[in-house]
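This report describes how the parts of one protein chain meet and what surrounds the ligand. Please consult the sequence and structure shown below while reading.

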Amino acid sequence: MSVTPLSTAALDRRFARDLPEMAVSWQAEPVPDARLLVLDEDLAGELGLDVAELRSPQGVGMLVGTTVPVGATPVAQAYSGHQFGGFSPRLGDGRALLLGELVDAHGRVRDLHLKGSGRTPFARGGDGLATVGPMLREYIVSNAMHALGIPTTRSLAVVATGRTVHRETGLPGAVLARVASSHLRVGSFEYARTTGDVDLLRRLADHAISRHHPAAAEAENPCLALFEAVVDAQASLVAQWMLAGFVHGVMNTDNMTISGETIDYGPCAFINAFDPDTVYSSIDHSGRYAYGNQPAVAEWNLARLAEAVLPLLHADGKHAVALAMSALEKFRPRYDAAWSAGMRAKLGLPGDADEAVVSPLTAQLLGLLQAHHVDYTSFFRALAAAGRGDTAPIRHLFTDPARIDEWTAHWRALGPDADAMDRVNPLYIPRNHLVEETLTAAVDGDLSPLSRLLDAVTAPYDERPGLERYAAAAAPDFGTYRTFCGT
Ligand code: AMP
Ligand code: MG
């Protein structure tokens with residue numbers, strides 16, 4: 001393994017230093033034939049990384065973990081997780097490595113992390129690998145989420161490894177280089193708690209406070225303040241998912257961050273028609289992670305976080321539980337407030353519009369969209385035209401256009417701001433049929449659909465000629481969409 005000075009960035013090993021019990025030093029597996037498929041040059045610049053160097057063989061080596069920058073000590077991170085409700089005490093990075101942390105151009109500490117870099121001591125039965133399709137899916141969707149203004153881990157690059165990975169069939173292997181404000185998860189706290197080592201739990205909380213919620217350090221009860229900050233961040237995040245029509249698909253506690261960034265894009269997808277029961281993941285048989293269940297699941301996951309940190313909240317167990325409960329009770333009102341404010345913005349209504357009017361109007365609209373199977377994203381964008389007096393685009397979305405007329409008249413009477421709506425209602429999202437066609441082409445070696453789709457979804461609000469098909473709903477014969485965890 002070569003050791004290279006990445007001239008531009010020094011990687012710190014802060015996580016490994018603060019929490020050695022949760023970090024296993026490890027190396028990536030060799031890669032037969034590394035080929036850079038896609039690199040986010042803007043993100044590279046933000047991280048202070050030299051784009052030309054990243055594109056060089058040594059840079060690509062760093063992006064797959066076979067070239068380790070000087071001073072870096074890659075680690076696999078330990079964490080636990082509640083998966084579909086059942087607790088697994090030892091999950092951890094089975095196929096991922098934290099290369100280290102770097103300070104970006106804005107002075108923020110960011111993790112540089114690899115996914116698909118080979119088996120680690122946490123791999124259990126897995127092969128430690130990832131494939132081109134799912135890694136490009138994460139690249140596309142995380143880029144789209146970022147452009148929509150939704151907190152997310154970022155994708156720096158996807159590199160094809162030249163290795164065949166055995167899933168249902170042989171698939172081309174890939175490594176994703178990911179950037180996050182940290183990879184601390186609810187499951188990280190569950191792991192620390194499971195060890196029974198309260199000192200480790202405290203160091204983990206201190207690490208999380210200093211990285212994400214520094215104001216909590218000044219609070220009378222810092223760990224309680226940390227928990228409250230995570231409750232806030234997740235309430236806001238999940239409200240943004242719901243407003244955008246995003247279904248994460250596998251909201252296990254190991255896939256929920258302390259930072260409030262969306263993480264671990266697996267069987268995720270955006271809804272077409274508005275329907276709270278929408279499930280895309282082929283393994284989510286009970287609909288636990290259905291679109292409409294996401295707020296309740298987030299709250300459930302936060303209760304698991306509360307249980308994990310109880311010993312830090314108060315020496316008296318009963319008192320600790322009471323503190324945790326009252327903090328957790330803030331989730332619903334925070335979520336409701338964030339969602340309502342976001343929905344007002346989608347409807348172009350001023351913040352001071354009478355809630356007693358807006359709330360039933362919104363409920364009525366969602367009922368209409370659901371009953372008539374109207375495409376969610378198309379509707380809100382078309383609604384701005386109605387705000388300008390042209391109701392044809394929204395009427396066109398209903399088989400019986402008269403069904404929306406009365407609602408539209410009520411809404412227009414509130415004086416919506418159509419231009420403001422166009423700034424919050426996207427035209428271009430990674431629609432499921434577009435993602436599928438892009439990934440199929442990429443796996444066959446054609447990357448041009450990928451760059452066109454990225455072009456559209458990274459400027460989601462700006463209407464551009466030539467991109468009409470990226471704004472259109474799937475043809476009805478696209479059928480019932482299924483996403484697979486077979487990542
Ligand atoms: P995920 O479903 O990606 O959130 O992963 C859940 C757990 O399974 C994590 O501990 C992963 O590291 C592990 N895992 C997923 N796929 C693999 C794989 N191919 N090899 C080893 N571990 C894996
Ligand atoms: Mg995961």
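## The buried area between the domains

In this predicted model, domain 1 and domain 2 bury about 3,000 Å² between them, where buried area is the accessible area (1.4 Å probe) that two parts lose on being put together, summed over both. Carbon and sulfur atoms give 59% of that area. Met22, His82 and Phe84 supply 22% of the area that domain 1 buries against domain 2, more than any other three residues.

The domain assignment, which is an automatic or database one, places domain 1 at 6–180 and domain 2 at 186–339. Their centres, taken over C-alpha atoms, are separated by 23 Å. Domain 1 brings 36 residues to the contact and domain 2 brings 37, with contact meaning heavy atoms within 4.5 Å.

## Conventions

The model is predicted: local features need pLDDT of at least 70 and side-chain atom pairs count only at pLDDT 80 or more, while totals for chains, interfaces and linings use all residues. Residues are numbered from 1 along each chain as its sequence is written, chains are lettered from A and ligands numbered from 1 in the order in which they are written, and side-chain values use heavy atoms, with hydrogens and water left out.

Lysine 115 lies in strand E9 and aspartate 264 in the loop between strands E13 (246–247) and E14 (269–270), so the pair ties together parts that are 149 residues apart in sequence; strands (E, at least two residues) are DSSP runs, numbered from the N terminus. Arginine 211 and glutamate 101 also form a salt bridge through their side chains, at 3.9 Å, N to O.

## Around the ligand

Ligand 1 has 17 residues around it, of which Gly92, Gly94, Asp127, Gly128 and Asn255 come nearest; a residue counts if one of its heavy atoms lies within 4 Å. A nitrogen atom of ligand 1 is 2.8 Å from a backbone N or O atom of glycine 128.

Terms used
A salt bridge is a side-chain nitrogen of Lys or Arg within 4 Å of a carboxyl oxygen of Asp or Glu. A polar contact is a pair of N or O atoms within 3.5 Å; within protein, one must be able to donate a hydrogen and the other to accept it, and residues adjacent in sequence count only if both atoms are side-chain atoms. Helices (H or I, at least four residues) and strands (E, at least two) are DSSP runs, numbered from the N terminus.
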